[in-house]
Amino acid sequence: MTSSDKPDHVADTADTPAAPTGVAAMEWAAAAADPQYRAAVVDLLGALAYGELAAFERLADDAKLAPTLEDKAELAKMASAEFHHFERLRDRLAGIGEEPTVAMEPFVAAYEGFHKQTAPSDWLEGLVKAYVGDSIASDFYREVAVRLDSDTRALVLAVLDDTGHGGFAVEKVRAAIDADPRVGGRLALWARRLMGEALSQSQRVVADRDALSTMLVGGVADGFDLAEVGRMFSRITEAHTKRMAALGLAA
């Protein structure tokens, strides 16, 4: 994803990791013996793959709006990194016997719907969208990753590595607010809208995919229970508030 600042709870957990149990302690070959788990992972990888492809396209478009050649070059570099992430996911799907385009197809409408509803009107709104929207998605996938088999978990975490967009967006947005404080109010409203749309879309995607939703609520592997799903979205919201502060915006 284009910006993957880790929320605090992920970092805290990494300091004192619990020993993996259940599916999280397995490799893919053993875990995939459960057809429902396999279907959930294919959904997850398909959603991630299309998200990375869409991020590549969006960054390439954002580069056209960049005010300087230096900015264009930076965004082009980030777009290249996103496409590399897409390639890794595509190759993984093919490697486990799945057609990548088939795995991605169920998620096209949701992604396109989100981008249609949140089309930025200028360069700064595009930066905030990538920073806020992609970070929310990254938080969600990290939450899910801790319950995946070791092979899939390693891949998911690798493709969520920050491509540099987070720091780039913070620097540019803060500079714009310093130059004209009125910009802050407009971008804060925009970011709140993005937050609502991103959470709504992610919840709809999960609800529409039976295997994925079953995994999240504990029916497959070591999923979340319903109460933990609520806590997960609360943690994602808290991480969003911290990112807004980093941008110099009110959540």
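Predicted model: local features only at pLDDT ≥ 70, side-chain atom pairs only at ≥ 80, totals over all residues.
Biologist: At what angle do the axes of helix 3 and helix 8 cross?

Modeller: The axes of helix 3 (residues 35–65) and helix 8 (residues 150–159) come within 12 Å and cross at roughly 15°. Angles under 35 degrees count as roughly parallel, and helix 3 and helix 8 are therefore roughly parallel to each other. Their crossing is left-handed.

Biologist: Which residues make the contact?

Modeller: Helix 3 contributes Val41, Leu44, Leu45, Leu48 and Glu52, while helix 8 contributes Thr152, Leu155, Val156 and Val159. By class, seven of the contact residues are nonpolar, one is polar and one is charged.

Biologist: How many salt bridges does the count give?

Modeller: Side chains of opposite charge can pair when their charged atoms come close. In this model the count comes to 11 salt bridges. One of them joins Glu98 to Arg38, with the closest N and O atoms 3.2 Å apart. Glu98 lies in the loop between helix 4 and helix 5, and Arg38 lies in helix 3, 60 residues apart. Glu98 is partly exposed, at 26% relative accessible area, and Arg38 is also partly exposed, at 24%.

Biologist: Where in the chain do Arg235 and Glu143 lie, and are they buried or exposed?

Modeller: The side chains of Arg235 and Glu143 meet in a salt bridge at 2.9 Å, N to O. Arg235 is in helix 12 and Glu143 in helix 7, 92 residues apart. Both residues are buried.

Biologist: What links Asp122, Glu125 and Arg186?

Modeller: A network of salt bridges links Asp122, Glu125 and Arg186.

Methods
Residues numbered from 1 in each chain as written. Heavy atoms only, no water. Axes fitted to C-alpha atoms, helices over the stretch in contact; angles between N-to-C directions. Helix = DSSP H or I, 4+ residues; strand = E, 2+ residues; numbered from the N terminus. Parallel < 35°, antiparallel > 145°, perpendicular 65-115°, else oblique. Left-handed = near helix turned anticlockwise from the far one by under 90°. Contact = heavy atoms within 4.5 Å. Nonpolar A, V, L, I, M, F, W, Y, C, P; charged D, E, K, R; others polar. Salt bridge = Lys/Arg side-chain N within 4 Å of Asp/Glu carboxyl O. Buried < 20%, exposed > 50% of the residue type's maximum accessible area, 1.4 Å probe, protein only.
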